[in-house]
Amino acid sequence: MREMRVLSPTAILGYGFPISSFEAGLEKEPDVIAVDGGSIDPGPYYLGSGKSFTDRIAVKRDLESILKAGVERNIPVIVGTAGGSGATPHLNWCVEIVREIVEEANLTCKLAVIPAQVDKEFLKAQIAEDNVKVLEPGISLSVEEIQKSTHIVGQIGVEPIIKALEEEAQVIIAGRAYDPTVFAALPIKEGFDKGLALHMGKILECASIAAIPGSGSDCMIAYLREDHFLLEPLNPTRKCTTTSVAAHTLYEKSNPYILPGPGGYLDLHETKFEQYSETTVKVSGSKYIKEHPYTIKLEGAKPIGYRTVSIAGARDPIFIKEIDQIVEGVRERVADNFRTIESNYELFFTIYGKNGVMGELEPEKMNPTEIGIIIEAVADREDLANTICSFARSTMLHFGYPGRVSTAGNLAFPYSPSDLEAGVVYQFNVHHLLEVDDPYHLFPIKVEMIGGRTND
């Protein structure tokens, strides 16, 4: 039976993996090693600031093992959403690490780099031509919002990666990519079913998270065949089950049967999950539905101010009972004290132990013995964010409330200084679809030989 083997070392480059699991994957003789380099899940700061949310040392550790194995065994290595968010600074950061490893390990390989950052002037022209569409529940994209964005990226589909493979690239480092594409590109190039390949990629992007016990820091391998694929964790302590794989298929989806992507969508109405062995699951029936026009998802972030936070705890039962009234009283005191300022600010209180995660949606009425309090001020000037946070913190520290016994202070602070500057705050402001005639146009490919080893 015709088969292609795809090795996923870790959920995100820099999350790590056991060398024993990776070596077990190499023993399976994979046709490609692919890994997702990032996500927008950690929020807009990383896309907006151009910084990686994964540590450089950790990323280099993962890439060293992956690149050495791939280059020495002539296995293609594909990285998507390089540097965490896939904009130009993230991509350059990751490519720099690749070059460093290649030089230090005395390797030679053909490197393809695929940028994903979208030119602002090009995008403004696309708005004028009505080629930018709203992703519900968003609003129309304006020229003003484009200008405010620090970085805007488009999600790369399989086509540019396939093109890089056709140019015989051994290592492909791509900017922001649709998560399944780095796993599905080579199989699709070799004629395997696109629906199965993309569904396989959907699972592999998170590596062993789809196993039991799940982990984003362990390896998974898939065997793609003509009418199905198999998923197998590479750590003997884990196994895939129909429930774990089906559950992960639902991950990050608004519709359990439909997964949109560049140029079309994955249709899972007829997908079947079967237990193939004690540790391996068989998946079949997934279909890819092509759409016209071809659409590319756009992501962008803009700076909106500066953040300062103060973290505190409280265990006084009377204080905890009155916390809602105390928060409201502190808000009123801050507003009154700074009513004449001309700059804008926002003040937030998050109460952990009460409803810190769910907020007003919290269904359980809790009676905690202790609470954690995060006071957060966001303002258009850093000095004002510091001022608002400081004043709110000191006001809550000494706020009087009904039944109060202790007057020495209401809060305990785990850190000194008690107020922490968090820097620039970013907000997602581009979350739209771009209609294109050519899936390659936004993603020019640069291919070059790197390294200096002389081949025997």
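Colleague: Which residues does Gln155 touch, not counting those up to four places away in sequence?

Modeller: Gln155 touches Arg176, Ala177, Tyr178, Pro262, Ile296, Lys297, Glu299 and Phe443, where contact means heavy atoms within 4.5 Å. Do keep in mind that this is a predicted model, in which local features need pLDDT of at least 70, side-chain atom pairs count only at pLDDT 80 or more, and totals for chains, interfaces and linings use all residues. Residues are numbered from 1 along each chain as its sequence is written, and side-chain values use heavy atoms, with hydrogens and water left out.

Colleague: Why is Gln155 called buried?

Modeller: Its relative accessibility is 8%, and buried means under 20% relative accessible area (1.4 Å probe, protein chains only), so Gln155 counts as buried.

Colleague: What makes α1 and α3 roughly parallel?

Modeller: Helix α1 (residues 19-27) and helix α3 (residues 56-73) pack at about 20°, with axes 12 Å apart. Angles under 35 degrees count as roughly parallel and 65 to 115 as roughly perpendicular, so α1 is roughly parallel to α3. Ile19, Phe22 and Leu26 of α1 make the contact with Arg61, Ser65, Ile66, Ala69 and Arg73 of α3.

Notes. Buried means under 20% relative accessible area, exposed over 50%, partly exposed in between (1.4 Å probe, protein chains only). Axes are lines fitted to C-alpha atoms, for helices over the stretch in contact, and angles run from 0 to 180 degrees between N-to-C directions. Helices (H or I, at least four residues) and strands (E, at least two) are DSSP runs, numbered from the N terminus. Angles under 35 degrees count as roughly parallel, over 145 as roughly antiparallel, 65 to 115 as roughly perpendicular and the rest as oblique.
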